[in-house]
Amino acid sequence: MEGNFFGWILPEFIPARFTRSARYLNDVQCMDIFNRITNIALSRFKWDGLPDSCKPDALEETLFFYGRAVFFDDPDLGFVHTPVNLPGPYNIYYESTRREAYSFGPFKRSLTLNDSVLIRANKTMSPDYITVWTYTPKIANCLRAIDVHTETLKRPYMIKCQEKEKTSVKQAIKSISDNDIAIVGDKFADVNSIQVLNLGTTSNLQDMWANVKNYFNQCFNSLGVKNNYTEKRERMITTEAEGEGNSIRHMLEAELSERQDACERINKMFGLNVSVEANELDTFRDELIELQASRVTGMQEGMNEQSGWEEGED
């Protein structure tokens, strides 16, 4: 089976339905935003040195959706990582001395502190998908509000008619929206049966888009991802720029440090050479260099302006 989707010939491909249903569009908008942000979140870290029996993508998915994973040497599968339950009992450091690994299959293994390593997504083992899921409906609601507002700007009016004529009027408006000719029957011969109320709508698109960008910014900052929705650096004073960069970097490093700690424990317990790094750290390093350079440039420009002013005075 193959389908033609806007010129793309794709096997077994069933595209999302196109409909004007507001509820369906709301759901699709939420799904699209959640998946886009999730794809970015899953690309924050790069693992190296994992055995061939392990899959870095699956490990990051486990940490993203469960907040923790367990690494161990399975007698049948070799080195693997899976989701894990921590049922207790607990030692004096609040660690569960029993670990229950599980996955599809069904796959279940009972482990201990001595034959497995717990990998935390962060210190509280909080799943990051909760952050994305929290902001997804907010962003989707803002974008759908923009859709509605845009339609209102296209037709800044309300139509008043008799109840029995409402369906016919809606069909006529739909025909206009679909670039078709609107044809009405004789029952609209009475010019007073339909009234158009002008709403005098003012465009608020700029403020509405600013709200969308703010939500995206807050979500990405919570994930430790530098993003294009942050304020442009030339619009921010130095303390604001440093503060924003620091908060994003700390969020990223909070998760990175837990992964690096797990790597050390894995290497010590199993004699491997596993490592992990953040894809954003180089960006932060370049950002700091850029910030320092801008400071020096600013000082030089200030000195030149002062020198020129003094020469002009003479």
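This report looks at salt bridges, ring pairs and charges over rings in a predicted model.

Local features need pLDDT of at least 70, side-chain atom pairs count only at pLDDT 80 or more, and totals for chains, interfaces and linings use all residues. Residues are numbered from 1 along each chain as its sequence is written, and side-chain values use heavy atoms, without hydrogens and water.

**Salt bridges**

A salt bridge is a side-chain nitrogen of Lys or Arg within 4 Å of a carboxyl oxygen of Asp or Glu. The whole structure holds 11 salt bridges. Among them are these:

| Pair | Closest N to O |
|---|---|
| Glu 255 and Arg 44 | 3.4 Å |

What does the pair Glu 255 and Arg 44 tie together? Glu 255 lies in helix 6 and Arg 44 in the loop between helix 1 and strand 3, so the pair ties together parts that are 211 residues apart in sequence. Helices (H or I, at least four residues) and strands (E, at least two) are DSSP runs, numbered from the N terminus.

Glu 255 is buried at 5% relative accessible area, and Arg 44 is buried at 3%. Buried means under 20% relative accessible area, exposed over 50%, partly exposed in between (1.4 Å probe, protein chains only).

Arg 144 and Asp 147 both lie in helix 3, three residues apart. Arg 144 is buried at 12%; Asp 147 is partly exposed at 35%.

**A charge over a ring**

The charged end of Arg 259 sits over the ring of Phe 45, 4.0 Å from its centre. The rule asks for NZ of Lys or CZ of Arg within 6 Å of the ring centre and within 35 degrees of the ring normal.
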